[in-house]
Amino acid sequence: MLISSMEEFLRNENTEDFVICAGWFDMFHIGHLNFIRNAKKEGTKLIVVVMNDEDGRTIKGETRPIINEEQRAEIIDNLKFVDYTIIANYSELGRKQREFEDIKTNILWNKYIPIIKKLNIKKVFSLEETLKFNGLGDYLESTGHTIIYS
């Protein structure tokens with residue numbers, strides 16, 4: 001189910017044993033499929049965050065993404081093991097918020113961590129090198145999150 005509003009979602013769901021993962025998922029391939037399938041094994045329900053087009057262009061260049069955010073979200077949302085999909089919409093978080101300036105990070109994590117916190121998700125599924133390289137795994141663990149590496 002595509003989440004259109006985090007506020008509405010939170011009124012209707014207890015996220016205690018949910019797991020969350022995120023990615024661009026542009027040009028969806030078997031590695032993406034395995035990543036998401038393995039994430040589902042770690043909780044009762046899975047939320048997948050699809051990063052937005054604007055940030056994709058910022059990070060990957062003007063020719064990206066090849067598949068727009070709505071289509072990528074629809075692909076992800078139709079996987080049988082995905083319970084919820086959300087396009088990273090930062091207007092609900094305060095787009096100019098720089099809560100994590102003290103952490104060596106990149107644009108994906110600077111915006112993904114507020115989503116994790118807002119949805120009160122305690123289990124974060126990630127590629128090991130992503131969180132260990134920039135110290136974010138240590139940060140998330142210090143704030144009560146469980147990190148599950150793919």
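View 1. Two strands count as paired here if DSSP finds at least two bridges between them. In this predicted model, strand 1 and strand 4 (residues 84-87) run parallel and are joined by two bridges. Look for isoleucine 3, whose bridge partner in strand 4 is isoleucine 86. Helix 4 (residues 69-77) packs on the sheet here, touching strand 1, strand 3 (45-50) and strand 4. The direction of helix 4 makes about 170 degrees with that of strand 4.

View 2. Six strands make an open sheet with parallel pairing, in the order 1-4-3-2-5-6. Strand 1 (2-3) and strand 6 are the edge strands, each pairing on one side only.

**View 3. Strand 5 and its two neighbours.** Strand 2 (residues 18-23) pairs with strand 5 (residues 123-126) in the parallel sense, over two bridges. Isoleucine 20 has valine 124 of strand 5 as its bridge partner. Strand 5 also pairs with strand 6 (residues 146-149), again parallel, over four bridges; in this stretch phenylalanine 125 partners isoleucine 148.

View 4. The structure holds two aromatic pairs. In phenylalanine 18 and tyrosine 84, the ring centres sit 6.0 Å apart with the planes at 15 degrees, so this pair is stacked. Phenylalanine 18 belongs to strand 2 and tyrosine 84 to strand 4, so the pair ties together parts 66 residues apart in sequence. Phenylalanine 18 is buried, at 3% relative accessible area, and tyrosine 84 is buried too, at 7%.

**View 5. A tilted pair of rings.** Phenylalanine 35 and phenylalanine 125 have ring centres 5.3 Å apart and planes at 50 degrees, so the pair is tilted. Phenylalanine 35 comes from helix 2 (residues 30-40) and phenylalanine 125 from strand 5, 90 residues apart. Both phenylalanine 35 and phenylalanine 125 are buried.

Note on methods: Residues numbered from 1 in each chain as written. Predicted model: local features only at pLDDT ≥ 70, side-chain atom pairs only at ≥ 80, totals over all residues. Heavy atoms only, no water. Contact = heavy atoms within 4.5 Å. Axes fitted to C-alpha atoms, helices over the stretch in contact; angles between N-to-C directions. Phe/Tyr/Trp six-rings, centres within 6.5 Å; stacked < 30°, edge-to-face > 60°. Buried < 20%, exposed > 50% of the residue type's maximum accessible area, 1.4 Å probe, protein only.
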